[in-house]
Amino acid sequence: MAETIQTYFMQTPLGWLQIKGSEAGISEIGFIDEAPEEVSTRAVPACLQNCVAQLTEYFQGKRRHFDFVLKPVGTEFQQKVWHQLQEIPFGKTRSYLDVSLKLGEATYTRAVGSANGRNPLAIVVPCHRVVGSDGTLTGYAGGLWRKKWLLQFEGSSRQTELFGLNATENNLN
């Protein structure tokens, strides 16, 4: 019997998130730029409730780690990259080279960038925490303005330097 994929639209400070998943786990969390035609006025499907609750806590500043079941679809290499992204601590950033080295090969930077760009689980698999080797913002499927917001929201010290803010201004002491 095929699993039934449920969809829910969640409004966030960054716009709408489309969340998809089943009893087996969450398969997609992605930003959408237009308000959905079918705004979720109905109850959150049971299989998505934990995800929606944890994302709500995240945006309220009450959660730094997610612990619901993930079921992203991707190649073996993409899965390895996405796993490494989950190891980046809240409020920290890593470069594509850092992630490549964790995977065992400095020459993987372009492949890591490609896998990062195909991450189907925004925020939860924190591809927004990956920056250029010099600390500059690089591509983000949700838009660079969202990446900048997420990094500032999480208080990334490396990013505060990039944006010209000091630790006192961001309460990073």
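Entry 1, histidine 128. I looked up where histidine 128 sits, and I found it in the loop between α4 (109-117) and β5 (130-131). I note that the model is a predicted one.

Next I looked up the contacts of histidine 128. Leaving out residues up to four places away in sequence, I listed Tyr58, Ile123, Tyr140, Lys147, Leu150, Leu151 and Glu154. With glutamate 154 there is a polar contact, side chain to side chain, at 2.9 Å.

Entry 2, the sheet. I looked up the strand order and wrote down β1-β2-β3 for an open sheet of 3 strands, paired antiparallel. β1 (6-12) and β3 each have a single partner strand, so they stand at the edges and one side of each has no neighbour in the sheet. From one strand to the next, I noted an average twist of 20°. I recall that strands of a sheet pair through backbone hydrogen bonds.

How many bridges join strand β2 (residues 15-22) to β3? I found 7, and the two strands run antiparallel. I also noted that isoleucine 19 stands opposite isoleucine 29 in β3.

I located glutamate 28 in strand β3 (residues 25-32). Its relative accessible area is 35%, so I put glutamate 28 down as partly exposed.

Methods: Residues numbered from 1 in each chain as written. Predicted model: local features only at pLDDT ≥ 70, side-chain atom pairs only at ≥ 80, totals over all residues. Heavy atoms only, no water. Helix = DSSP H or I, 4+ residues; strand = E, 2+ residues; numbered from the N terminus. Polar contact = N/O pair within 3.5 Å; in protein donor to acceptor, adjacent residues only side chain to side chain. Contact = heavy atoms within 4.5 Å. Buried < 20%, exposed > 50% of the residue type's maximum accessible area, 1.4 Å probe, protein only. Pairing = 2+ DSSP bridges. Axes fitted to C-alpha atoms, helices over the stretch in contact; angles between N-to-C directions.
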